[in-house]
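Let's take a walk through this one together, going from one chain to the other and ending where they meet. Have the structure open beside you as you read.

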Amino acid sequence: MASLGELERAVMDRLWSADGAVSATELRDGLADRGLALTTVHTVLTRLEQKGFVVHDDARPRRFRPRATREEHAAELMHEVLGAAGDRQAVLARFVGSVDADEARLLRELLAAAAGPDATPA
Amino acid sequence: MLPATAAALAVLAALLAWPVPAWLSRARWPRRDPLVALVCWQAIGLAGGLSIIGALLVHGLAPWGHSLPEAWWHWVTRHPAEAPVRGDHWVTQTLAAVLAAELLGVLVLSWVRTARTRRRHRDLLELVVEPAAVPDARLLDHPAPVAFCIPGAKPLLVLSSGMVAELDEEQLAAVVAHERAHLREHHHLLLLPFVAWEAALPVLPAAGRAHAAVRALVEMRADDVALGSLTGAAPRRTLAQAIVVAAGGSGGAGVPDGALAVTGSALGERVARLLEPPSPLPGWVRTAALLSAVALLLVPTALLLLPAAL
């Protein structure tokens, strides 16, 4: 059983690669290998709409399309999560924050200068 | 008499607002035992807030009784004051209320805002990350070497494809162990009060200093925990290499230009500490530091609750 998060990703992939808007039925048929019920597709689409990633038109049947292209989404993600606008608190634990070229070089030298403490028993 | 208590609390508050954080952020021992230092910082933060609000409250309520609980009860039950009430009593009462509301309010606000940002980040990420080869980790298709985790009920540990490409298996395991340590020990909760109080008290240089020190200590602590779970031949060097690669230093050997002090930066400090581990704190120093942290919390609490003996 696929998690909702995984289904959301699969549906988004479909929407991103589709030409223009897509109906829920078409999405279900496109994801036929997953054997999804139409209600499940609707649930996933509703969640994606609530999160602001998908918009629908008023045609009958309703047709859905992504609010931003895949590239725009990736750019937004890098900007918000890792970029200057990123809230440092939210991503608590970025392994290493941004570093300028000088500091990167100094770190490299520090590593090169040390013989390695594990080489000799402490 | 209450005025003596108020004065004692005010002195404690002044010490905790400037000299104590300044001393601890300059001290060299915290890098030898980040965990004990983190406990001390939490105690300083809590005791500082408690003593400044307590000092104002005790002075403001002095006319109503001989101990804070008694005076508070008389004040709440509209009991007439035992001594003349002057303007400064009303002023300090108001200040205590405003300060308490601000500190707690900012803490709650900061919690809510961070939780919302995290949810947004998680939503953005979930659409594009794929399961990674490492258990529990997600892979983000991006050339820059980045790794991070988003704490919460459903924590998310993300590695970029650039990170996976540039690190060998052992280094990658070190990065993941470091991030898992943050999540397991809930380091975001240790940081929260310092973030909030830096926002609440921008005029207090110690607030910014404390935040920076706690942030650096949390990273060192995660390094220490990660080392405990690594199995390679030289885990310290492996983790240091991973840090240097992630900092964009994977290129060829640079020309030495040793004038700049790399140990001035938090990252340099982290790498230096991994490569040349400082000796651990002696047991008695550890105990003394932990006892001081406990005492730091007990002193203002006792001053607030016990009837003044003088």
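How many helices and strands does chain A have? This is a predicted model, so keep that in mind throughout; in it, chain A has five helices and three strands. Follow the chain from the N terminus and the elements come in the order α-β-α-α-β-β-α-α. Chain A has 122 residues, and 28% of them count as buried. As for how the chain folds back on itself, take the contacts with a separation of 6 or more: 47% of these are between residues 24 or more positions apart.

Where do the two domains touch? On the domain 1 side of chain B, 16 residues are in contact with 17 residues of domain 2. Two helices of chain B, α2 (19-26) and α3 (34-61), each supply at least two residues to that side of domain 1. The top contributor is α3(B), with seven residues. Sort this side of domain 1 by class and you get eleven nonpolar, three polar and two charged residues.

Zoom in on Val214(B): setting aside neighbours within four places in sequence, its contacts are Leu38(B), Trp41(B), Leu190(B), Leu191(B) and Phe194(B).

An unreviewed UniProt entry annotates residues 116-193 of chain B as "domain: Peptidase M48". In the model, this span is 51% helix and 19% strand, and its end C-alpha atoms lie 17 Å apart.

Finally, bring the two chains together. In all, 51 residues of chain B are in contact with 41 residues of chain A. On the chain B side, the elements that each supply at least two residues are α5 (87-126), β3 (147-150), α7 (169-184), α8 (187-200), α10 (235-246) and α11 (266-275). By class, this side of chain B has 30 nonpolar, 14 polar and seven charged residues.

Conventions
Residues numbered from 1 in each chain as written. Chains lettered and ligands numbered in written order. Predicted model: local features only at pLDDT ≥ 70, side-chain atom pairs only at ≥ 80, totals over all residues. Contact = placed C-beta atoms within 7 Å. Helix = DSSP H or I, 4+ residues; strand = E, 2+ residues; numbered from the N terminus. Nonpolar A, V, L, I, M, F, W, Y, C, P; charged D, E, K, R; others polar. UniProt positions renumbered as here; feature names shortened; annotations may be inferred. Buried ≥ 20, exposed ≤ 12 C-beta atoms within 10 Å, placed from the backbone.
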